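Reader: I'd like to go through the aromatic contacts and the sheet. Can we start with the terms?

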Amino acid sequence: MVASRTWKPSMTQRILLVAAVLVAALVAFWVAGRGVGAEPSSSAPPPASTGDARKQLAELIVAQRGTMDGYDRKKFPHWDNQGNSCNTRELVLKRAGKDVKAGADCNPTAGTWTSVYDGETWTKPGDLDIDHMVPLGQAWVSGAKSWTTEKREQFANDLTRPQLFAVTNSVNREKSDKAPDQWKPPLVSFWCTYATDWIVVKHYYGLTVTTGEKTALEDMLRRC
């Protein structure tokens, strides 16, 4: 009777096994980081507390505003596919409205939306823009110019931070790429939330603020 021998992997086989484990771990980390397979939030993120916002504002780097040289909205790929035939814009409209109706393509066709910037209520999706709390151009001049396209894409489609809002289109276009020292929402009662949201987004992405911008944010926080 021949005794069975215990299999022992060779050095090459051990190296290949370790490499396979490392690759699997890296893939899992990449998937988690991009949120692949994760169900997008069906509700807007809650505002940060005033205390947290003040702390984060103090941690932001104060620097001069950069230039718009080289800026192009195409460098911030946006309205990504979020699954179930919905893109980022459509998901924001669905979570921001009431009694929203949408076709099979996920494009909202009816509902009721109240713009947080001016308090106006709308029933046609075409009357609303999806606004980036920290505009793409404002991000560009405060640090995003040096980002990778992938990071700019994450920023432009961020459904986790308080970055995307359905607002009156004319008000959004008035805001454009302005910072809080250049433009504030017409609805003064929203200034507190506007400041905390702006700070949270800039802090998360490591964007800078100017002296005037920081002063404007501090003034709005006093209304909290």
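Author: Buried means under 20% relative accessible area, and exposed means over 50%. The model is predicted.

Reader: Are Tyr71 and Phe76 buried or exposed?
Author: Apply that cut-off to Phe76 first. Its relative accessible area is 0%. Tyr71 falls in the class of Phe76, and for both the answer is buried.

Reader: Which kind of aromatic pair do Tyr71 and Phe76 form?
Author: Planes over 60 degrees apart count as edge-to-face, and under 30 as stacked. Here the centres are 6.2 Å apart, with 55° between the planes. The pair is tilted.

Reader: And which kind do Phe76 and Trp140 form?
Author: Their ring centres lie 6.4 Å apart. The planes stand at 65°, so the pair is edge-to-face.

Reader: How many residues apart in sequence are the parts that this pair ties together?
Author: Phe76 lies in the loop between helix H2 (50-59) and H3. Trp140 belongs to helix H4 (residues 136-140), so the pair ties together parts whose separation in sequence is 64 residues.

Reader: Which Arg lies over the face of Phe76?
Author: Phe76 also belongs to a cluster of ring pairs, with Trp147 and Phe155 among the members. At 5.8 Å from the ring centre of Phe76 lies Arg152.

Reader: Which strands stand at the edges of the open sheet?
Author: The sheet has three strands in the order S1-S2-S3, paired antiparallel. An edge strand here has a single partner, so one side is left without a neighbour in the sheet. The edges are S1 (98-102) and S3 (121-122).

Reader: At what angle does helix H3 run to S2?
Author: H3 covers residues 88-96 and lies across S1 and S2. Its angle to S2 is about 55°.

Definitions and conventions: Residues are numbered from 1 along each chain as its sequence is written. This is a predicted model: local features need pLDDT of at least 70, side-chain atom pairs count only at pLDDT 80 or more; totals for chains, interfaces and linings use all residues. Side-chain values use heavy atoms; hydrogens and water are left out. Two strands pair if DSSP finds at least two bridges between them. Helices (H or I, at least four residues) and strands (E, at least two) are DSSP runs, numbered from the N terminus. Contact means heavy atoms within 4.5 Å. Axes are lines fitted to C-alpha atoms, for helices over the stretch in contact, and angles run from 0 to 180 degrees between N-to-C directions. Rings of Phe, Tyr and Trp (its six-membered ring) pair if their centres lie within 6.5 Å; planes under 30 degrees apart count as stacked, over 60 as edge-to-face and the rest as tilted. Buried means under 20% relative accessible area, exposed over 50%, partly exposed in between (1.4 Å probe, protein chains only). A charge sits over a ring if NZ of Lys or CZ of Arg is within 6 Å of the ring centre and within 35 degrees of the ring normal.
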